Amino acid sequence: MKVETPIDRAHALMMSGADAERLGFYQAVADAELYLWLTEEPQGENISPEIYTSDDVQFVLAFDTEDRLADIAQNTVPRIAIAGRALANILSQNGIG
């Protein structure tokens, strides 16, 4: 059974075409607990996110449910739960999307 999350609802509103809804989507992501895909288990406070590069831009993958992460990974992978706002702050400081 697919569970609809606040991010799903905000995304649907954003895709309806209303420009004002775009901010609502980003607010939902910032407010969510996200599951960040790691290359290995955390070592204390140190983490190693799985980083993907496209057109010389680095990205990480984070999901709003563990099931979505598992569906993409097709296996159990190391991960951490992190607030969307905190993740955005960390990524922006490191030039990662």
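These entries cover the nonpolar cores and the aromatic pairs of a predicted model.

**Ground rules.** I number residues from 1 along each chain as its sequence is written. The model is predicted, so I take local features only at pLDDT of at least 70 and side-chain atom pairs only at pLDDT 80 or more, while totals for chains, interfaces and linings use all residues, and side-chain values use heavy atoms, with hydrogens and water left out.

**Main core.** I looked up nonpolar cores: sets of buried Ala, Val, Leu, Ile, Met, Phe, Trp, Tyr and Cys residues joined through side-chain atoms within 4.5 Å. Buried means under 20% relative accessible area, exposed over 50%, partly exposed in between (1.4 Å probe, protein chains only). The largest core has 15 residues, and Ile 7, Leu 36 and Leu 87 touch the most other members. Among the elements giving two or more residues are helix H1 (6–15) and strand S1 (33–37). I took helices (H or I, at least four residues) and strands (E, at least two) as DSSP runs, numbered from the N terminus. H1 gives the most, three residues.

Another core lies apart, with six residues, including Trp 37 and Phe 63.

**Aromatic pairs.** Rings of Phe, Tyr and Trp (its six-membered ring) pair if their centres lie within 6.5 Å; planes under 30 degrees apart are stacked, over 60 edge-to-face, the rest tilted. I found two pairs. Phe 25 and Tyr 26 are edge-to-face, at 5.4 Å and 65 degrees. Phe 25 is buried at 15%; Tyr 26 is partly exposed at 48%. Trp 37 and Tyr 52 have centres 6.2 Å apart and planes at 65 degrees, so they too are edge-to-face. Trp 37 is in S1 and Tyr 52 in S2, so this pair ties together parts 15 residues apart in sequence.
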